[in-house]
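Please keep the sequence and the model in view while reading.

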Amino acid sequence: GGGAPRRPENYQDQQMQEMGGQGETSRALRTQDDTPPVSPLCIRIQVHAEGITEALLFHVDLLASAIRQAVMIKDHKSFLKVHPNTFRGQAAIEWLRGHAARALFGSEAEKEKNQQLSRSVALLLGQKLLAVGVFRQVTGSLTKPLEDPNALFRFHEDEKEGPLLNCRSIWFQNAREPLLVVSELLYTMLSLRLKYPDRDIRELEELNNFTASAAELQLVNINDLSRIQLLAFFLNAYNLMVLHAHVVRGSVDGTDFKSQKIPFTRDNQYMIAAYNYSLAEIEERLFCRMLRAKFPKKSDKSRAPEPRVHFALSLGCASSARIRIYQPETLDEDLQQAAVEYLTTNAPKNRMRLQQQSQGGKRVQEVMLPKIFKWYKDDFGFSKQEILAYYASFMPTGMREELTEVARTNNFIIKYDKYDWNLHLGKACSEVVRQPGRQLLTNAPHQTVAGGGGGPPRDRGGGGA
């Protein structure tokens, strides 16, 4: 029962004699249709008893529906707080125990030793259902929640709102290639923002369709992606989550975002490849700060793997980068373009400063850098000379040479531009208008989804709603 849930290739709902558990020989049935079926999400568990190994497949969708009918969903009170639409985990485990016992042992299900084994299977099933997002824990033990008699849980369809933005529904089918999925979702969200720039779109059907489609990220397989592919994937996923979170929370352009930054990046999450990622966790994955801190400072291993990522991530503020859709094939080119675009916005200020200081005969030069160089200075270099040289590498030729010479003399001080924290989502989304076609993978037959203002076509490969 370890590892990710497996999805057998030729496994149909109508071929299950009992909801959930049977031996593999009775399940090895093939469809008569020439078209291969879309495989439902299943949990496979191997049980060893009396020298016999029995492998069981449990159909997640049917299992979840049956548990909903078996447990009492109501408003529970715990420590003076009411938790609406919740159920006790022990009730679900008890139902799963009985179901597993009948599937495993039939008429001998009530024997004491079989009951113990069935409970172990039930706990493992419950853990898997929790992992794939069928329900989530609300209260109770953090280490063994399903064994806590007072622990409360809530089914995903009973969630009104929560940090997992793409788990309003569960994706029960095979997920497609991860870069294709995240690119299409980001394009659709960008198009929605541009289509309705001044409108609250939370009640639109187009957003409901988008949210259902975003559930596909729950089951994408990122294990086989190369380093460059992973970088492109998480850049797109980060910016997608930012836009989705702003939409869900009804963010309005002009709002001061500074005080919201930390809870925003901590609390908004996506389930990706069966793991819950917050925006802060994706940042950590991109910059590896905790890992780098283990090495001596100023050593090669303590350097940021790719500092240009700073100029690709956006929080939707006026001083944030514009959002692009990144693909592995053009990642280096696009990161360079994003860095040049972001950093040259304050180049005129430095050009004017350098001219004035040269004419005035000032000995100590002043250089103005974006505030991001102050917050994350170790990502760009370990000395002010390194940092200025890095900044200079993105400037136009003449200015690059001037700044490089200033860095060489080490006779300068760095000042920082003011960061504009006011939201400007229209500006953040504007880049997609320039080159939408080049930024998408279109190597498979698709059908249109989400109606996101002319977004790319796609084939969902089955319902996620």
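Is aspartate 332 buried or exposed, judged by its relative accessible area? Aspartate 332 is exposed, because its relative accessible area is 53%, where buried means under 20%, exposed over 50% and partly exposed in between (1.4 Å probe, protein chains only). The model is predicted: local features require pLDDT of at least 70 and side-chain atom pairs pLDDT 80 or more, whereas totals for chains, interfaces and linings use all residues. Residues are numbered from 1 along each chain as its sequence is written, and side-chain values rest on heavy atoms, with hydrogens and water left out.

The side chain of aspartate 332 forms a salt bridge with that of arginine 308, at 2.7 Å from N to O; the term denotes a side-chain nitrogen of Lys or Arg within 4 Å of a carboxyl oxygen of Asp or Glu. Aspartate 332 belongs to helix α10 (residues 331-343) and arginine 308 to the loop between α9 (289-292) and α10, so the pair ties together parts that are 24 residues apart in sequence. Helices (H or I, at least four residues) and strands (E, at least two) are DSSP runs, numbered from the N terminus. Arginine 308 counts as buried, because its relative accessibility is 10%.

In the whole structure, 17 salt bridges are found. Another one of them joins glutamate 366 and lysine 415, at 3.6 Å from N to O. This pair links distant parts of the chain, 49 residues apart: glutamate 366 lies in strand β9 (residues 365-369) and lysine 415 in strand β10 (residues 412-416). Glutamate 366 is buried at 17% relative accessibility, whereas lysine 415 is partly exposed at 37%. Salt bridges with shared partners also join Arg176, Glu184 and Glu216 into one network.

Attention now turns to a helix pair. The axes of helix α6 (residues 227-248) and helix α8 (residues 279-287) come within 10 Å and cross at roughly 155°; axes are lines fitted to C-alpha atoms, for helices over the stretch in contact, and angles run from 0 to 180 degrees between N-to-C directions. The two helices are therefore roughly antiparallel to each other, a class that covers angles over 145 degrees. Residues of α6, including Leu230, Phe234 and Met241, meet residues of α8, among them Ile282, Glu283 and Arg285, where contact means heavy atoms within 4.5 Å. The residues of this contact comprise eleven nonpolar, no polar and two charged; Ala, Val, Leu, Ile, Met, Phe, Trp, Tyr, Cys and Pro count as nonpolar, Asp, Glu, Lys and Arg as charged, and the others, Gly among them, as polar.

Terms used: Angles under 35 degrees count as roughly parallel, over 145 as roughly antiparallel, 65 to 115 as roughly perpendicular and the rest as oblique.
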